[in-house]
Amino acid sequence: MPTNLIGTMATQLKETDESGREILDSVVIRFAGDSGDGMQLTGTQFTQSTALMGNDLSTFPDFPAEIRAPVGTTYGVSAFQINFASHAIKTPGDAPDVLVAMNPAALKVHLKDLVPGGTLIINLGAFNDHNIEKAGYTANPLEDGTLDSYRLLEIDISKLTLAAVEGIDVTQKEALRAKNLWTLGLMCWMYDRDRQPTIDWLNQRFGKLPHIAEANIAALNAGHAFGETAELPSEVSTYVVPKAKVEPGIYRAVTGVETTCWGLLTGAQKAGLNIFFGSYPITPASPLLHSLSNLKQYGVVTFQAEDEISAVCSALGASYAGSLGVTSSSGPGVALKSEALGLAVVTELPLIVVNFQRAGPSTGMPTKTEQSDLYQSVFGRNGDTPMPVIAASTASDCYDCAIEAVRLATKYMTPVMFLNEGFLANAAEPWKLPDTDDVEPFPVEFASETEGFHPYLRDEKTLGRNWAIPGTEGLEHRIGGIEKDYDSGNISYDSDNHHKMTKVRDQKVLNIADDIPEQDVVSGNKSGKMAVVGWGSTYGAIEQATLRCQEDGLDVSHIHIRYIWPLARNLGELLKGFDKILVPEMNNGQLVTLLRSEYLVPAESLAQITGQPFKVADLEREIRTRLED
Amino acid sequence: MNVQSPPEALKPNDYASDQEVRWCPGCGDYAIVKAVQRSLANMGADPKNTVFVSGIGCAARFPYYMATYGFHTIHGRAPAVASGVKLANPDLDVWVIGGDGDMLSIGGNHTLHVLRRNIDVQVLLFNNEIYGLTKGQYSPTSKVGTRSPSTPAGSVDSPVSACVYALGCNARFVARSVDTNQKVLPGLLQEAKENKGASFVEILQNCIVYNDGVYSSFTDKANAADGQILCEHGKPLLFGKENEKGLRMTAGKMELEVVTIGENGVTEDDILIHDETNRPLALMLAGMQPPNFPVAMGVIFRDPGPSYDEAVYDQIAEVNEKSPAIPINELMHKGKTWTVV
């Protein structure tokens, strides 16, 4: 096929701006290279510049669990995808329009995703026989016609980088490390991105190693200059993606970790509590520990515990003593915490558990995303142990969910599971900065009245128990994991009392349904042929897919569930208004089971368990197929 | 929160809760709870600022019997919960209670870390060398050959010494007493409390049902003087009915030996002086086993150092000094932002 007749970009009307740059509505770029090639850094810096340009954007970092996998191997390939546009976007994009492959292994792994006719930028310097063979190619893909249907740009980035840093006092190894910056420079030229934020960042990052900063900046500028001066093939042009029209306000690029961190801080402030954060390092949750550790001046105590159990137990101890106990982990770590979560449920103490879900079971695929801990969150403890569960849909939503988790935990005196996802933790998006003053305060009132006090005195409406903290005169009391008497809080093995206490704990959590918004549709009609029901990070992909179907006149609605437990009061009624219910999840069908058992509705599962986010096109196709069934 | 002395001096009984004690009659735990209550009264401890945190096991029922704050947690995890309590409010006086199974088996890891971090809590390990609440299985401190429901032909694995373990964990206060020794135990608890940092106290406790008499070879009245040695800093390590026996270093070897004053030319000058700041010596004393050696009691090791909780709050104060908290709105605006109009 002739290259100039295929591909999404080629078929777009070539509108240009005054400088002759082709105007694009949106573009998806994927940087791929060896895990030591600095692809995540390249992607992050490109994202920062893109955000500052005013585009809407969504990113998807995809990297191996190994810190430095053997060089040149396919399993050591690290990639970073960014989708940016002049309109609102919801996903990091199905398939890249541009693939930057820093070595043969990166090409091998990612070429299959590149759109037909897409732009392929190859670092020729890495395509030696050894690397080609290591990537599993039997012939050089640059020579055997494999790449004929793409706009191929072969550049010896390694060599050009070495030339760019000549005269700067760096070793050859250090010089070669700058080739990601050279590549970034070229992409900044191609897409009209400002290099200054990256230069500022490099100067800050390598403040104590000015020669390294200098070499990186030289490489960045050289890549940019190469674009300006080199005789590039005619089909390679320069582009501009105009600013997105978004709500006025001050924006910044954020990841889910940052928003979770600030949400917890805001929530704690609204509750009038100090945060105690007990955590044990685990992928992909550790960045939250790092972020909170930098907030000591807010009275945040972070405790890197000896294990997951100590992490949750110390947080629970802190809650007992009057702090906001918070712990975080990923699935396997949450499994270890589950006995202590039972203790939190039975002692009715506030506690936030942030679960950055990853592909399981067991160790699974630590750096790959999944949403397969819903069962664990809702059901995964011994005994009848109900716990509220909320799930964030986007990096921005993590902020609101974190605040909501604090509100519910303190108001209802209960541990709350905040389901986050590896994808949300790492992915970046523009965020309109909120005003903390818009969040209604929910100050905690510790018990102080000695008259008639016992530790399980309950609020009549919420059924939350009173919170008496050590240090309070006259309220000395003992709590623990043994069942307690409803009327005195003393140990009780009475059978009727246990029945009553179990029901009360259950009802207390169910009461939250009166305190959360009713379930609405995100888009589409409130009843009809099909509801596509999702939760968590699939929000964007499902919304985009259903919107496309709606544009074609199909009767499809999108329902997004944030409150996994308890479910919204009206959800059952809403679901019953649809002929079909399709539940796409990045697991083997967990929410779908919950909905079927709760409402006896014929919900169908659409399971994808690949460690990768849904593609909009796949969802759209599946929706259309199932509508016709 | 300020620690204030209660207006009237409380008596030991004032620290007892109204809950009926449910240990077996004759259990060593009764003596321990009495000693703790007496010790708290002696110190004038304020019940509202006193917290007992326990794990699971017979010993772990302890908090229910105290008229203070108490948290009966889950098996093995009391040191972890207590760490959170203390870090959330360093003004609280936090006591950790557990047995040998709780603190050296399922929770051995947490015991290690609360001690090495030197969090300012008192860790009381009730060691009865058996699992009581689960009906008599052998424990990690049971001697080789212990017959129990799970080891009918006798246990084959080596036990751990609680105090040697604590010393290996870098504990800065390690002490030992017998449950019924009301002369030594309350004072020891007071010293544990006064030590800033993690204080580890092993209390040898007799389980009357499943392991009765396990310590009688050195705790029975007739055997105690020859079977135990009370370690006191700066004093010679003497024991025996007439204080006629003592410990000294064997010439040319890194080991202790028991000698009798007046025999083989031994004088009191030959006897080792206890130096509670000497960890290698403490390891040797803590490791002494009957019948060849007396069992070491008292403060075996004490070398105070900065406590973790203090260091954490010092760091918070330091950061606050250098870069005080700004409103969260401003915090979120720090870094690269852009404005859409």
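Visitor: Where is A:Met413 found in chain A?
Guide: Keep in mind that we're looking at a predicted model. Helix H15 of chain A covers 395-412, and strand E15 covers 415-421. A:Met413 sits between those two, in the loop between H15 and E15 of chain A.

Visitor: Is A:Met413 buried or exposed?
Guide: Count the other C-beta atoms within 10 Å of its own: there are 25. The cut-off for a buried residue is 20 or more. A:Met413 clears that, so it is buried.

Visitor: What is the phi of A:Met413?
Guide: This residue is not a glycine. Even so, the phi of A:Met413 is positive, at about 50°.

Visitor: Over in chain B, why does B:Asn118 count as buried?
Guide: B:Asn118 also has a positive phi without being a glycine, with a value near 65°. Its place is the loop between helix H4 (108-117) and strand E4 (121-127) of chain B. Being buried takes 20 or more other C-beta atoms within 10 Å. B:Asn118 counts as buried because its C-beta neighbours inside 10 Å number 24.

Visitor: Which residue does a cis peptide bond join to A:Pro361?
Guide: A:Pro361 is in the loop between strand E13 (351-357) and helix H14 (374-379) of chain A. The bond in question has an omega of about 0°. Its other residue is A:Gly360.

Visitor: And which residue is joined to B:Pro291 by a cis peptide bond?
Guide: Look in chain B, in the loop between helix H9 (279-286) and strand E11 (295-302), where B:Pro291 lies. The cis bond there has an omega of about 5°, and the residue joined to B:Pro291 is B:Pro290.

Visitor: Which strands stand at the edges of the open sheet in chain A?
Guide: The sheet has six strands with mixed pairing, in the order E3-E4-E2-E5-E6-E7. From one strand to the next, the twist averages 15°. An edge strand here has a single partner, so one of its sides has no neighbour in the sheet.

Visitor: What is the bridge partner of A:Ala32 in E5(A)?
Guide: Strand E2 (residues 26-34) and strand E5 (residues 98-101) of chain A run parallel, joined by four bridges. In E5(A), the partner of A:Ala32 is A:Ala101.

Visitor: Are H2(A) and H7(A) roughly parallel or roughly antiparallel?
Guide: Helix H2 (residues 39-52) of chain A lies across E2, E3 and E4. Its axis and that of helix H7 (residues 179-190) come within 9 Å and cross at roughly 30°. The crossing is right-handed. Angles under 35 degrees count as roughly parallel, and H2(A) and H7(A) are therefore roughly parallel.

Visitor: How many charged residues are in the contact of H2(A) with H7(A)?
Guide: From H2(A) come A:Met39, A:Leu41, A:Thr42, A:Gln45, A:Phe46 and A:Ser49, meeting A:Asn180, A:Thr183, A:Leu184, A:Met187 and A:Cys188 of H7(A). Sorted by class, that contact has six nonpolar and five polar residues, and the charged ones number no residues.

Visitor: What is the angle at which H5(A) and H9(A) pack?
Guide: Helix H5 (residues 157-164) and helix H9 (residues 210-229) of chain A have axes 9 Å apart. The two are oblique to each other. Their contact is made by A:Leu160, A:Thr161 and A:Ala164 with A:Ala218, A:Ala219, A:Ala222 and A:Phe226. The packing angle is about 120°.

Terms used. Residues are numbered from 1 along each chain as its sequence is written. Chains are lettered from A and ligands numbered from 1 in the order in which they are written. This is a predicted model: local features need pLDDT of at least 70, side-chain atom pairs count only at pLDDT 80 or more; totals for chains, interfaces and linings use all residues. Axes are lines fitted to C-alpha atoms, for helices over the stretch in contact, and angles run from 0 to 180 degrees between N-to-C directions. Angles under 35 degrees count as roughly parallel, over 145 as roughly antiparallel, 65 to 115 as roughly perpendicular and the rest as oblique. Two residues are in contact if their C-beta atoms, placed from the backbone, lie within 7 Å. Two strands pair if DSSP finds at least two bridges between them. A crossing is left-handed if the near helix is turned anticlockwise from the far one by less than a right angle, and right-handed if clockwise. Ala, Val, Leu, Ile, Met, Phe, Trp, Tyr, Cys and Pro count as nonpolar, Asp, Glu, Lys and Arg as charged, and the others, Gly among them, as polar. A residue is buried if 20 or more other C-beta atoms lie within 10 Å of its own, exposed if 12 or fewer, and partly exposed in between; C-beta atoms are placed from the backbone.
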